[in-house]
Every structure is written in structure tokens, then in C-alpha cells.
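Let's walk through this structure together, from charged pairs to packed helices and then to the spaces inside. Keep the 3D view open as you read.

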Amino acid sequence: MMVAPLKVGIAGLGTVGAEVVRLIENESRALSARCGRSVRVVAVTARSKVELIGGSGEPALSAIEAALKSGKSAVTANKALIAKHGLRLAHAAEKHGGALNFEAAVGAAIPIVKTLREGLAAAGINRVYGILNGTCNYILTRMEQEGLSFAECLKDAQRLGYAEANPSFDVDGHDTAQKLAILASLAFGTKVAQGAVYVEGISSIAPEDLRAAADLGYRVKLLGVAVRTAKGIEQRVHPTMVPKSSSIAQVMDVTNAVTIDVEGIPPMTLVGPGAGGAATASAVVADIADIARGLRVKPFGRPVDRLRVTSKAPMERHEGGYYIRLMARDLPGTAATIATRLAEQKISIESIVQRHPDGGGAAQSAGKASQVPVILITYATHEDAVHRALKAVQRDKVISGRPQVIRIEKN
């Protein structure tokens with residue numbers, strides 16, 4: 001019995017859209033064999049050469065919603081749209097019988113959406129975290145390997161096309177936050193809420209932090225982390241120290257990776273290209289193939305009305321280890337003062353490193369206290385305790401400048 005071909009219309013014919021057309025044409029026989037029917041591109045629309053239709057609003061929202069309300073299925077790589085309007089679109093898909101697939105919106109070629117939504121449907125997920133922005137990972141890799149500043153690496157990333165002319169969306173963590181909000185919904189059955197994500201970028205990271213991390217057995221990555229806690233789901237994006245022995249620490253340059261902690265199963269890490277025309281198009285066509293096969297799943301793994309509301313977890317209650325770098329006055333009693341202030345907040349120190357620069361004694365003999373970096377690694381404590389201790393140290397005037405604080409994520 002002949003099955004009618006799946007007819008596909010593509011909105012946007014830029015890097016990704018053109019690659020989707022090419023992939024469907026070149027792999028037509030394989031798609032037909034795998035799907036039991038052919039897949040044909042029958043319409044293309046593009047006001048200008050853009051990567052599909054971007055942005056969290058129009059015309060992407062109306063176009064996809066209209067398709068879903070007419071009973072058709074939709075595939076999108078638009079993370080901003082799913083992060084902001086995913087529930088609205090998922091409701092339309094459920095009501096009218098179409099599919100809403102968005103694998104390419106998070107991690108491009110990494111099949112993380114299907115893994116969370118379908119592969120681990122019966123699993124108890126405790127934590128999902130990962131490197132979700134290739135631009136930031138490229139910058140941190142270059143800074144670590146070549147000892148360059150953030151500004152130098154950013155400029156080079158822009159020259160190579162890894163970073164936009166205005167890179168703030170990437171380097172300030174907002175791109176990662178959108179992707180994390182989607183992953184948290186899939187992992188924990190919560191409503192997508194980008195506003196519930198705490199966000200920090202990487203612009204404050206200095207080469208000396210990366211050198212210190214290496215000496216202490218860590219590597220710095222911009223991570224998106226969603227974790228189940230006694231107080232609810234904590235969602236956060238920030239520079240993070242991870243043990244060099246961890247899988248996530250081995251992921252360098254523009255590559256992305258996501259690690260999933262599941263009850264009773266060792267952590268699993270998915271690694272692959274998180275952006276680019278070919279990688280993104282591969283995920284788009286995989287979603288199209290699912291539709292051609294007749295697969296229909298709830299976009300977020302369960303009906304929209306069964307997704308739970310989540311609120312923004314207060315970061316001051318975050319519990320974990322911390323890296324702290326201080327520029328301390330090289331005078332007797334300074335270390336004791338710092339240790340006292342930490343002890344007052346019940347913060348235990350796992351390690352402390354103090355480096356004396358050459359010529360420090362000469363500076364003191366001239367009546368001026370030199371500044372020496374003091375690096376602390378704490379055992380698990382609360383964030384508000386760290387900030388209270390550091391404010392007290394600043395009031396004591398034994399340090400100069402702003403303390404550098406980086407959270408530590410254990411395996």
C-alpha cells in the first residue's frame with residue numbers, strides 16, 4: 001500500500017534552511033527507507049537569507065502557531081521561541097493533533113531533547129548540566145591554553161565568526177539560560193521559565209583564575225545547571241570549576257556537552273557540535289523523520305497542564321564548594337583575619353594557596369605593603385555565608401579590589 005509523501009515547507013533559507021533542503025534531497029532514499037514514506041520539500045519562503053526564523057516573537061510565533069492550529073506539525077531550531085512561548089505552542093500541538101519538535105533548539109546535533117523526553121522517560125533525574133554555548137567554551141579554552149585575556153579571546157572569536165559583533169547574549173550567559181530552561185522542563189516536568197534561571201557570564205574570568213584552577217585540579221567552564229533540591233528545582237548559569245577528571249572538563253573549543261545524573265545509574269554525558277549549519281540541519285531533519293514515521297509525543301514529555309510551576313531559587317541558599325581569589329595585603333595578621341571571618345560564617349577551608357611575588361620584601365621595607373594573591377577552596381557551604389564573610393574581610397581593609405568567587409560543581 002502506497003503511503004503519501006510527507007510534504008515539507010521551509011521558512012527561512014539561510015545557513016540552516018539551505019542545509020536542510022540539501023540534506024533531504026541527498027538522503028532521500030535513506031529517509032524513505034527509514035520512514036516508510038518519502039519526504040519532499042514542496043515550499044520555501046524567505047524574506048531574507050536568515051537561519052530559519054529566529055527571535056522569540058513575530059513572525060516565528062504566528063507562523064508556527066497557525067500551522068499547529070490547522071493540524072499540521074512544526075519543527076523549529078528557535079530556542080528563544082521555545083523558551084518564551086513553548087508552552088503555548090505545545091498546547092496548540094496537543095489540542096490539534098500535530099507534533100512540535102525542537103531537538104535542534106538545544107545542542108544542535110546532540111540528541112538531548114529525545115534523550116530526556118523519551119529515552120529517560122522512566123528515570124528519576126536528579127541533575128542535568130552542561131556546556132551549552134560554543135562561543136564561551138571557545139573563549140575559555142583559548143584563555144586556558146594560551147594565557148590570553150578574555151578581551152583578546154573574544155576579539156579572536158569574533159574574527160573567526162564564533163561570536164557576534166555584539167556578543168553579550170552569549171558571553172553574559174543568556175543563550176545558555178534559554179537552553180537550560182528548556183532542558184529543566186524536560187528533565188523535571190516543570191513549566192519552561194527562563195526567568196527562573198540565575199545568570200552570570202564569563203567576562204570577569206581572568207587568566208590567573210584558569211592557572212589556579214589547573215594547579216588545583218580543576219577547569220573553568222560556563223555551565224548551565226538544573227538540579228533537584230529539597231527546596232525545588234535550582235536553575236543556574238555561571239562560570240564553574242569542574243574536576244579535570246570529569247567528562248565535562250574534557251570538552252574544549254566550540255563543542256557542547258550535557259551530563260545527566262539519573263537515580264541508580266552512573267552519570268552519562270552526550271558530546272557533540274552544538275551549532276553550525278550541518279549539525280543543526282541534522283537535528284531538524286531527524287525531527288522531520290519522526291513526523292514522517294507518524295510519531296507524536298508530548299513536546300515536553302507530558303501534557304502541558306501537568307507541568308509544574310517553578311520559581312527562581314534564591315542563589316544565596318545555594319550550597320556547594322567555592323573558589324575564592326583575594327588580593328591581600330602582605331602584612332602580618334592578614335591571613336589570620338581572613339581565616340577568622342570565614343570561621344565566623346562556619347566556612348571550612350579545604351585548601352589555601354598564597355603566592356609571594358618577587359620583590360615583596362622591598363616593597364614592605366619602603367613602607368608599603370605589597371599585594372599578594374590568596375586563593376581559597378572551601379568545603380560545601382552556603383552562598384550567603386561566603387558573601388557575608390567577604391564583606392567583613394573588605395571592611396577590615398586587608399584586601400584590595402573585588403574578590404573573585406567561582407562556584408565548584410562536583411562529579
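**Charged pairs, packed helices and spaces**

The structure holds 26 salt bridges, each a side-chain nitrogen of Lys or Arg within 4 Å of a carboxyl oxygen of Asp or Glu. This is a predicted model, in which local features need pLDDT of at least 70 and side-chain atom pairs count only at pLDDT 80 or more, while totals for chains, interfaces and linings use all residues. Residues are numbered from 1 along each chain as its sequence is written, and side-chain values use heavy atoms, with hydrogens and water left out.

One of the salt bridges joins E65 to R88, with the closest N and O atoms 2.8 Å apart. The pair links distant parts of the chain: E65 sits in helix α3 (residues 60-69) and R88 in helix α4 (residues 79-96), 23 residues apart. Helices here are DSSP runs of H or I with at least four residues, strands are runs of E with at least two, and both are numbered from the N terminus. Side chains of opposite charge can pair when their charged atoms come close.

Now turn to helix α12 (residues 334-344) and helix α14 (residues 383-395), which pack at an angle of about 145° with their axes 8 Å apart. The axes are lines fitted to C-alpha atoms over the stretch in contact, and angles run from 0 to 180 degrees between N-to-C directions. Which residues make the contact? From α12 come I338, R341 and L342, and from α14 come A389, A392 and V393, where contact means heavy atoms within 4.5 Å. By class, this contact has 5 nonpolar residues, no polar ones and 1 charged; Ala, Val, Leu, Ile, Met, Phe, Trp, Tyr, Cys and Pro count as nonpolar, Asp, Glu, Lys and Arg as charged, and the others, Gly among them, as polar.

Helix α14 also takes part in the second largest pocket: α14 and β15 (399-408) each supply at least two residues of its lining. The largest share, 6 residues, comes from β15. The second largest pocket holds about 490 Å³ of space. Of its 20 lining residues, the closest to its centre are H387, R402, P403, Q404 and V405. A pocket is an open set of points on a 1 Å grid over the protein atoms alone, with protein on both sides within 12 Å along at least five of seven lines; a cavity is a set where a 1.4 Å probe fits but cannot get out, and lining residues have an atom within 4 Å of a point. Grid points are joined across faces, edges and corners, and a volume is the space filled by probe spheres set on the points.
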